[in-house]
Amino acid sequence: MGPLAGKSLIINGATGTLGVGVTLVALALGVSRIYDVARGTRLLERLQALAPDRIETFSNVEGGTAAWVKSSTAGRGADLMVDTLGAVASLDSLKDAMYGVKRGGRIVNIGGTAGELGVDVKWWMDEQMELIGSVWFTTAEGMELAEMIRHGVIDISVLQPKSWPLDEINEAISGVASGDGCFTSYLVEI
């Protein structure tokens with residue numbers, strides 16, 4: 001997404017595993033205002049508690065993300081957006097959130113949402129928007145994240161580590177959707 005210091009960022013699907021990770025990385029890399037969006041308010045409250053002066057939260061069950069972000073930014077919108085929704089999420093949520101990005105902004109999809117996304121091409125051109133896909137991360141990016149965690153740049157202390165033996169991997173995967181899955185670090189013992 002380019003330099004992040006001083007930027008504003010919408011994280012759509014913020015209470016999922018990817019969303020919490022993006023929030024932690026965004027805080028570490030200097031994003032000044034994070035707009036975390038998801039359905040559940042309890043987990044959104046936990047996210048906001050990480051940096052109440054930098055994180056605002058919104059349950060998109062209560063209304064449209066774009067309207068909320070625009071009302072929070074005097075009509076301008078956020079600089080950037082990351083969509084972290086899972087494979088079964090509605091494309092309507094992604095589309096709504098991307099309209100909360102200001103002119104010249106970047107929209108990055110790292111989630112698993114699938115399907116055809118109808119977008120007003122005139123809006124896309126007039127607003128000079130960029131839509132960027134991801135290949136999750138490269139080996140070099142994974143190593144960079146690991147080093148940032150090792151040196152304390154990214155604080156993962158809010159994650160609850162849980163480990164399972166390899167032969168119980170299905171139970172571990174099933175547990176991701178329950179309880180505090182997004183605030184849990186799942187480790188597999190080999």
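## Basis of the report

A residue is called buried when its relative accessible area is under 20%, exposed when it is over 50%, and partly exposed in between (1.4 Å probe, protein chains only). By this definition aspartate 79 is buried, with a relative accessible area of 14%.

The model is predicted: local features need pLDDT of at least 70, and side-chain atom pairs count only at pLDDT 80 or more, whereas totals for chains, interfaces and linings use all residues. Residues are numbered from 1 along each chain as its sequence is written, and side-chain values use heavy atoms, with hydrogens and water left out.

## Nonpolar cores

A nonpolar core is a set of buried Ala, Val, Leu, Ile, Met, Phe, Trp, Tyr and Cys residues joined through side-chain atoms within 4.5 Å. The largest such core has 24 residues, of which Leu9, Val20 and Ile34 touch the most other members. At least two residues of this core come from each of β1 (8–12), α1 (17–28), α2 (41–50) and β4 (78–83); helices (H or I, at least four residues) and strands (E, at least two) are DSSP runs, numbered from the N terminus. Helix α1 provides the largest share, five residues.

Contact means heavy atoms within 4.5 Å. Apart from its neighbours within four places in sequence, valine 20 is in contact with Ala14, Thr15, Leu47, Leu159, Cys182 and Phe183. There is also a second, separate core of 15 residues, and its members include Val37, Trp68, Ala97 and Met98.

## Aromatic pairs

A pair of aromatic rings is described by the distance of the centres and the angle of the planes. Rings of Phe, Tyr and Trp (its six-membered ring) pair if their centres lie within 6.5 Å; planes under 30 degrees apart count as stacked, over 60 as edge-to-face and the rest as tilted. Four aromatic pairs are found in the whole structure. In one of them, phenylalanine 58 and tryptophan 68, the ring centres are 4.9 Å apart and the planes stand at 10°, so the pair is stacked. Phenylalanine 58 belongs to strand β3 (residues 55–59) and tryptophan 68 to helix α3 (residues 65–72), so the pair ties together parts that are ten residues apart in sequence. Both residues, phenylalanine 58 and tryptophan 68, are buried. Together with Tyr35, Phe58 and Trp68 form one aromatic cluster.

Tyrosine 99 and tryptophan 123 have ring centres 4.3 Å apart and planes at 55°, so this pair is tilted. Tyrosine 99 lies in the loop between α4 and β5 (101–109) and tryptophan 123 in helix α5 (residues 121–126), and the pair thus links distant parts of the chain, 24 residues apart. Tyrosine 99 is partly exposed at a relative accessible area of 24%, whereas tryptophan 123 is buried at 16%.

## Salt bridges and a charge over a ring

A salt bridge is a side-chain nitrogen of Lys or Arg within 4 Å of a carboxyl oxygen of Asp or Glu. The structure holds five. Glutamate 56 is bridged to arginine 33, with the closest N and O atoms 3.6 Å apart. This pair links distant parts of the chain, as glutamate 56 is in strand β3 and arginine 33 in strand β2 (residues 33–38), 23 residues apart. Glutamate 56 is partly exposed at 23% relative accessibility, and arginine 33 is partly exposed with a relative accessible area of 25%.

Aspartate 79 forms a salt bridge with lysine 102, the closest N and O atoms being 2.8 Å apart. Here strand β4 holds aspartate 79 and strand β5 holds lysine 102, 23 residues apart in distant parts of the chain. Lysine 102 counts as partly exposed at 29% relative accessibility. A charge sits over a ring if NZ of Lys or CZ of Arg is within 6 Å of the ring centre and within 35 degrees of the ring normal; arginine 46 lies over the face of phenylalanine 183, at 4.0 Å from the ring centre.

## Loop residues with positive phi

Alanine 74, in the loop between α3 and β4, has a phi near 55°, a positive value in a residue other than glycine. Alanine 74 counts as exposed at 68% relative accessibility. Glutamine 128, in the loop between α5 and β6 (130–133), likewise has a positive phi, near 50°, and is exposed with a relative accessible area of 56%.
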